[in-house]
Amino acid sequence: MADYAKQQQQKIKEATDRLESGIKDFFHNGNYQDYLKVMSRFHSYSYSNSILIALQKPDATLLAGYAAWQKNFKRHVLPGEHGIKIFAPAPVKTQIEREKKDPDTNLPILDENGEPVMEIAEIKTPRFKIVSVFDVSQTDGEPLPTLDIEELTASVQGYQNLFSAVEYASAVPIIFAPLDNDIKGYFSPQEQNIHIQEGMSNAQTIKTALHELAHSKLHNIDLSLPPSGQKVQKDRNTKEVEAESIAYVVCQHFGIDTSDYSFGYVATWSQNKELPELKSSLDTIRRTAASIINTMEEKLTELQLAQEKEQNQDQIPQSNTRSMTEEEIKDFTYEQYKSKLQQSPIPDIEPYLADFERLYAEGQLDNLKPTPEQQQITEEPALSSATVIDSHDPDTPSRLAADLDAFISSYDPHMSKSALPDLTEDIAGGTAVYLKEWLNTIIQDEEDFRPQAQELLRRMDSFPPEPDPEEAAFELNGHYLYLQTASDNSWDYTYYDAFLNVIDGGQIGDENMDFNTAKDEILEMLNQKDIPLKEIPAEQLEQMIEEHENDLHCPVYLEDIAAAREKGELDSWRISHNANCTCSRQFQSEYERAYADRTVPEFLQKMVDRYGMQRCKIVVASTIQLSPKDGRYTPEMKQAAAQVYVPGTNSNPSYDRRFEYQINCHPVTVNVAMRDLLSLEQEQTKNQSTTKQKTDKTRESKKRTSIRAKLEKNKALLASGEGKSEPAGRDKPQL
């Protein structure tokens, strides 16, 4: 654990050093505009993370963690891709003793002796760690939903909406007027308003308004206070850099043309400033731009919804409208908060969700509450008898799915519904048992909806279920489940982890248990009941297991990726690199448990059988090589590790493959792994040598036996007097 903390501290130091040199580089080498472009795409990230992203992958557009891409977007990171290192919060919980206070008076509670009553409280101390995220360009999988902002801003309505959003974000009025001396606009602290030159193009008007809006937020003066009470004003150049940068970031975010922006003066402005001053300005720019973007997006969403409703009002049937209840507003806010956390680089969001009640009560999540427009709920009219088809008209799964969808909306507009294709598939396959159970509940408890529910249930019963499959395979959260019918008509199942190791298996049910019931019981038994399933062909899983095992035992590719690319051998490099990484992950996942259970020799033998000796040594040696000064590794193991060649070794941490192969296990246990691997290798070498000697002796023995047999045969021939004996060998006298 201490070693892990030390590694994290080293990673944080490396990232901080990179960050500070990057700040100076962006200001002094003309790359400031590139940083602002990254900020426009990741305005919710800290300025530190924005700089780290710009330094490592300036063309990044959408970031998520390795697991988040799989879980939230059904995409996977491509082999060989390097993660983008950023900071992520990792608060540390500590317990302190403090005075217990009355919740009503906030005064200390006293005991019978008049002494304060003490209590143990848990507090969180802010800490950070380094995590890896990946850009969408580094992944493959299902397509992502897109929002075409350029199409919006290209239209007149788009401009009107954008300018309305700018006005909504501004705390002071925006006034159009003819201005002298080619002035495009200005903010007046005396009048507390923004003046914009009339007659400019749409894009120029938006840019100018945003520039002056930034001035009004950052550089305002409270004229009601005396000079001594005013905040210290920044110099004019700093004000202009901040306002112009904020306008650029917001324009970039909303797709407004920024080709005429120039930041050549930034290097001169920043030349004599200390690093804390530069950091302060960057943080100010980031926070202000993010605030404006969030406020404008809120208004744009409201305007677009209102316009869509107006355009479609003639097509919408008569319905009742009501406002959300307080509980519904709270539920809506919780889902928005959860969605924001899932899209962030935070690895564990549960502590934040647990704090929702307090944040909500304090008003810290008001920006996530539904807008007034969203709070208006349209309740569809109840399903009429006209929607139930004539019993003489042939029914179809798609028609029944559409009627069920309409009934769900009429019963509860907020109920999470399946997509129509999913409903249709479930009905056609007879797997919509959940809907039948729900309809039966309504029939029993809801008199108003009973007739429609009864009719829908009758129609569902007319579609008989498909016969159970003999075998099936599923992917769930990176794991795999295989089911097949057993000889006694029960169900056999095998559960594989991400490494395609068997982690559970057995038999369940009897001849009366259907496939879906067996599947649900197995998932519940595996604590995977709520994990979404993706069915895959059973043959595909079998092929995956076979190919995966072959790939994991492939020869180690001894060149780096640059050489592989030059030689046209990228596929060989990827397969070998993936096997190295998989070997490392399995070591990380299982080794310390084997060490605790005193089964290290058995574990290492299993790993060598699966990955080969050379690959296992690379994983363990990488870990030791990356900590040359760690005194917990013995000199003998350091020397042995140094003799192991790791392909892709590089002095630059950003490109050194050893960081991808190392394992975060205690050095004492890694020492043991290295020592036992060397012993196992020596034993293998000895066994191979012994086997070779035996083989050679066998061959030699066979030759001697052959000659002896021939001699014996000759003796027999002579004794029987049946003629000449066979020659015993070339140029040898006969016996």
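Author: First, a term. A helix here is a DSSP run of H or I with at least four residues, and helices are numbered from the N terminus. The model is predicted. Its chain holds 26 helices and 17 strands. Of its 735 residues, 38% count as buried.

Start with the helix. α18 spans residues 515–525. Five of its residues are buried: Phe515, Ala518, Lys519, Ile522 and Leu523. Seen down the axis of α18, these buried residues fall within an arc of 130 degrees, so they line one face of the helix. An α-helix has 3.6 residues a turn, so residues three or four places apart point the same way. Just after α18 comes asparagine 527, with a positive phi of about 60 degrees.

Five strands make up an open sheet, in the order β16-β15-β14-β13-β17. Their pairing is antiparallel. β16 and β17 (534–536) stand at the edges with a single partner strand each, so one side of each has no neighbour in the sheet. On average, neighbouring strands are turned by 20 degrees against each other, direction ignored. Glutamate 471 stands opposite glutamine 484 in β14.

The chain has 10 aromatic pairs. In one of them, the rings of tryptophan 491 and phenylalanine 515 have centres 5.5 Å apart. Their planes meet at 65 degrees, and planes over 60 degrees apart count as edge-to-face, so this pair is edge-to-face. Tryptophan 491 belongs to strand β15 and phenylalanine 515 to helix α18, so the pair ties together parts 24 residues apart in sequence. Both residues are buried.

One face of α18 carries its buried residues. Phenylalanine 515 is one of the buried residues, and its ring pairs with that of tryptophan 491.

Key: Residues are numbered from 1 along each chain as its sequence is written. This is a predicted model: local features need pLDDT of at least 70, side-chain atom pairs count only at pLDDT 80 or more; totals for chains, interfaces and linings use all residues. Side-chain values use heavy atoms; hydrogens and water are left out. Buried means under 20% relative accessible area, exposed over 50%, partly exposed in between (1.4 Å probe, protein chains only). Helices (H or I, at least four residues) and strands (E, at least two) are DSSP runs, numbered from the N terminus. The arc is that of the directions from the helix axis to the C-beta atoms. Two strands pair if DSSP finds at least two bridges between them. Axes are lines fitted to C-alpha atoms, for helices over the stretch in contact, and angles run from 0 to 180 degrees between N-to-C directions. Rings of Phe, Tyr and Trp (its six-membered ring) pair if their centres lie within 6.5 Å; planes under 30 degrees apart count as stacked, over 60 as edge-to-face and the rest as tilted.
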